[in-house]
Amino acid sequence: MTTLPPVKIVNISTIPAISNQSADIVAVVLDETDLEQGKIKNSGLQSLDASLGGAISALAELKDFEGKWLSTAVTLCTVNSVAKRVVLVGGGKKTDEKPARARAIGLKISEEALRFKAKKVTVCGSSTFFAAAELVAQMAVGVRMGAYKYPNSNLTAEARKELETPLEIQFAGLSAGADAGLKDASIVADSIETCRLLQDAPPNVATPKYVAQVMTDKARAAGLTVQVYGAEKLRQMGFNAMMAVAGGSCNEPQFVVVEYAPVNAKTSVAFVGKGLTMDTGGYSIKTPSTHQVGMKYDMSGAAVVLNSVVAIAKLQLPVRVFAVAALCENMIDAHAYRVGDVLTTYNGKTIEVLNTDAEGRIVLSDALAYTAKDLKPDTIIEYSTLTGAMITALGHLGAGIFPFNSDTLQDTVSNAAKAAGERVWPMPTWDEIGEDVKGTIADVNNIGATAGACGSSVGAMFLKEFVENKPYCHVDIAGVANGNMALGFPRKISSGFGVQLSVQIARALSGK
Ligand code: BES
Ligand code: ZN
Ligand code: ZN
C-alpha cells in the first residue's frame, strides 16, 4: 500500500439553522443585491441579522461591506451561543459562470477559516449561490480545495496535529435537495484532492510506479477493475512509441487501464491521460533549464483521468468508463531515444522523431491506438499538458479543446465545462494543419513543418491519427493543470482541472 501525504481534514455537513452552534465563524455570503446604501434590502436577511446580533446591518451601515465580489468584512459576534465571529463574504453582482463563482466563494471561506485557525465554520447566506443544489455543491468543493496544501516533506508534530484536527463546515438552512448535492460534492472533492496530491508530488516521489500504485489502490477500493502493464508487457504488446520515450529513464513505465462497467450503461467513454512524471525534453533538452521547472505537472492528464473514473463510479453514473493512463519519464541516458529515430506505434503507423521534447504525442499515440482498437469506446476524451503554445493562446485561463469525428462532441464538452466551472475553448482543427505533420520517411513527424505555427493544433492533428475515426476530443490542459489563474481555482499549485469536466461529460453522455 502506497501512502499519500496528509492534508487538512474537512468535514462538511448541514444544520437546520445557525442558532446554538458555537462556531468559530459564521460565514455569511451576500451579494450586492442584498444591500442598498448601507441597508439590508432583502427582507429574508433581517431575521438572520437579528440572530447574529445585528452584525450584518452594522457592517453594512459602516460601508465596511457592500457585497463586492470576494470582499470580506469581519466582526465579533455578540450573540454568545452562535459564533465567535461573523465573516461576510461578497458574492458580487455578476451572475455569469455561476459554478466557478460558487467554487471561488468556497475557496474564500476556507481561506478565512484557516486565517482564523477556525475548527468550526457555519456557512449561510441569502444570495443566489444558496438557491441551487449544484452551486452549494460547488461551494463545498471550493471549501475542500481551499483547505488543500501539499504538506512540507518534514512536517513538525505540531503541523501534523493541526492537519489532523478536522475543520467542520456546516451549511445552515439548506433546502432538502441541496443535501444530495453535498454528498456528490464530497465524492468529487476526494478525487480532486488525490489528483492534486499526485500532481504536486515531486518527481522523485511521484514516479510512474507510485502513481500507478496509489491509483490502483483507490480504484480497487471503489470496486473497479484495474490492469497495470509494465515495461516487459508493453514491449511485447508493441508499445514501441511509449517505450522509446521511457527509454532514457531508470523508472519503469506503467500503462494503467481502469474500467467501471455498470450494468445499466448504454454508452461508453474512455478518458486517456498523458502521464509524464517528468519531462526534461530529452536530448532536445528544455533550455534554459528553468523551462524544466514545473514539468512534474506533465503527468496531470493521467492523474485527472484516473481520479475521474473513481468519482464517476462512486457517483454510480450509468455509463461505462475507461481511464487509460500512460505513465513514464522523458530523460537523457544512453538508452534514451534520439532525434531521427523512426518508431512503429501500436497500430502500425510510424513516427519520425524530430524533437524529443514533443514526447507527449508519441506516448499518446500508443495509448490512443490501444484505446480505439482494444477498448472500443463510443467516445474518447484525452487530457494532456501537450503544448507550451496552449499557454500562448489561452494563458492560464482555460483549456483548448480539439474535437474530431463528431458533430456533437464540441457542444457536449463545452456544456459539460460550463456545469463543471472549468473553462474550455474550441481550437482550430483545419486540414492544412494536418498536412504539417505528414512524414517523408515515416507516416507522421512529431513536429510541424512550419516551425512554431499553430503549435497546439499541430499536436492535436498528430493525435487524431491514432483514434480510428472515433468521436474524439483532445483537451490541452498545459495552461490550467497548475498555475491556473481562472475563477474558482487556487493559484500557483495544482488545480485538479479536468476531474469535474470528466464527471460532467460522463453525466451528459449517460443522459443524467
Ligand atoms: N510538456 C510539454 C508542454 C508544456 C510546456 C506544458 C509548458 C506545460 C508548460 C511538452 O512535452 C512539450 O515540451 N511540448 C513542446 C512541443 C514542441 C517541441 C513542438 C513545446 O510546447 O514546446
Ligand atoms: Zn516535452
Ligand atoms: Zn511533455
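## Ground rules

Helices (H or I, at least four residues) and strands (E, at least two) are DSSP runs, numbered from the N terminus. This is a predicted model, in which local features need pLDDT of at least 70 and side-chain atom pairs count only at pLDDT 80 or more, while totals for chains, interfaces and linings use all residues. Residues are numbered from 1 along each chain as its sequence is written, chains are lettered from A and ligands numbered from 1 in the order in which they are written, and side-chain values use heavy atoms, with hydrogens and water left out.

## A glycine in strand β6

Let's start with Gly-90, which is part of strand β6 (residues 83–90). Gly-90 has a relative accessible area of 0% and is therefore buried (buried means under 20% relative accessible area, exposed over 50%, partly exposed in between, with a 1.4 Å probe and protein chains only).

Lys-68 is 22 residues away from Gly-90 along the chain, yet their C-alpha atoms are separated by 4.9 Å. If neighbours within four places in sequence are set aside, the contacts of Gly-90 (heavy atoms within 4.5 Å) are Leu-30, Phe-65, Gly-67, Lys-68, Trp-69, Leu-70, Ser-71 and Ile-105.

Where the two touch, twelve residues of domain 1 are in contact with 14 residues of domain 2.

The size of an interface is often given as the accessible area lost when the parts come together. Domain 1 and domain 2 bury about 980 Å² between them, with 55% of it on carbon and sulfur atoms (buried area is the accessible area, 1.4 Å probe, that two parts lose on being put together, summed over both). In domain 1, the residues that lose the most area to domain 2 are Glu-97, Arg-103 and Met-145, together 42% of what that side buries.

The side chains of Glu-97 and Arg-423 form a salt bridge, at 2.8 Å from N to O.

On the domain 1 side, the elements giving two or more residues to the contact with domain 2 are α3 (98–115) and α4 (133–147). Helix α3 provides the largest share, six residues. By type, this side of domain 1 has eight nonpolar, one polar and three charged residues (Ala, Val, Leu, Ile, Met, Phe, Trp, Tyr, Cys and Pro count as nonpolar, Asp, Glu, Lys and Arg as charged, and the others, Gly among them, as polar).

## Backbone spots worth a look

Most residues other than glycine have a negative phi, and most peptide bonds are trans. Asn-405, although not a glycine, has a positive phi of about 60 degrees. Asn-405 sits in the loop between β16 (399–404) and α13, and its relative accessible area of 37% makes it partly exposed. Glu-468 also has a positive phi, near 50 degrees, and lies in the loop between α15 (455–463) and β19 (472–476). At 44% relative accessibility, Glu-468 is partly exposed.

Thr-287 and Pro-288 are joined by a cis peptide bond, with omega about -10 degrees. Look for Pro-288 in the loop between β11 (268–279) and α10 (300–314).

Terms used
Salt bridge = Lys/Arg side-chain N within 4 Å of Asp/Glu carboxyl O.
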